[in-house]
Amino acid sequence: MGTEASNTGFRFVHTMLRVKDIDASVDFYTNILGMKVIRRRDDDIGKYTNVFLGYGPESEVAALELTYNWGQTEGYDHGTGFGHIALQVPDVYEAARSLEAAGAEFTRPAGPIKSTGRIIAFVKDPDGYKIELVEPRD
């Protein structure tokens, strides 16, 4: 049905989550999940802060963008379309033990998926966003 669009040069850059407490969120993603702050921008005109975090240089890996709208005191509605973000870890059980000891709250403990046997776990961030822990696929 026509010509396909060219995707040459496309790269997944980041995913953005709105947060109500930028400091609590940055603390969670850096001190509990081990991400590094790549860059931060405070916009006095737009009255918001963006913090980009990740596990490597932004030019090489996708980042997580946290956006704090100044003065936001209520949590955001996550809607029914958003599910979770996923982090690959070497060993889900070990990662879950370590994260739990650091104070992370789990919505699903580490264990196998009934249909596939793949080991996963779900932890939540300070705003209630779910983060799936998964091991590399064979």
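What is the volume of the largest pocket? The answer is about 270 Å³. A pocket here is an open set of points on a 1 Å grid over the protein atoms alone, where a 1.4 Å probe fits, with protein on both sides within 12 Å along at least five of seven lines. The volume is the space filled by probe spheres set on the points.

This is a predicted model, in which local features need pLDDT of at least 70 and side-chain atom pairs count only at pLDDT 80 or more, while totals for chains, interfaces and linings use all residues. Residues are numbered from 1 along each chain as its sequence is written, and side-chain values use heavy atoms, with hydrogens and water left out.

Strands are DSSP runs of E, at least two residues long; helices are runs of H or I, at least four. Two strands pair if DSSP finds at least two bridges between them. β2 and β3 are antiparallel, joined over seven bridges. Arg 41 has Asn 50 in β3 as its bridge partner. Contact means heavy atoms within 4.5 Å.

Now the other open sheet. Its four strands follow the order β5-β8-β7-β6, again with mixed pairing. β5 (85-88) and β6 (105-112) are the edge strands, each with a single partner, so one side of each is left without a neighbour in the sheet. β7 (residues 119-124) and β8 (residues 130-134) pair in the antiparallel sense over five bridges. Helix α2 (residues 92-101) packs on this sheet, touching β6, β7 and β8.

Back to the pocket. β5 gives the largest share, three residues. Eleven lining residues are nonpolar, two are polar and none is charged.

Last, a charged pair. Arg 39 and Glu 58 meet in a salt bridge at 2.8 Å, N to O. The rule asks for a side-chain nitrogen of Lys or Arg within 4 Å of a carboxyl oxygen of Asp or Glu.

How values were computed. Axes are lines fitted to C-alpha atoms, for helices over the stretch in contact, and angles run from 0 to 180 degrees between N-to-C directions. On a 1 Å grid over the protein atoms alone, a cavity is a set of points where a 1.4 Å probe fits but cannot get out, and a pocket is an open set with protein on both sides within 12 Å along at least five of seven lines; lining residues have an atom within 4 Å of a point. Ala, Val, Leu, Ile, Met, Phe, Trp, Tyr, Cys and Pro count as nonpolar, Asp, Glu, Lys and Arg as charged, and the others, Gly among them, as polar.
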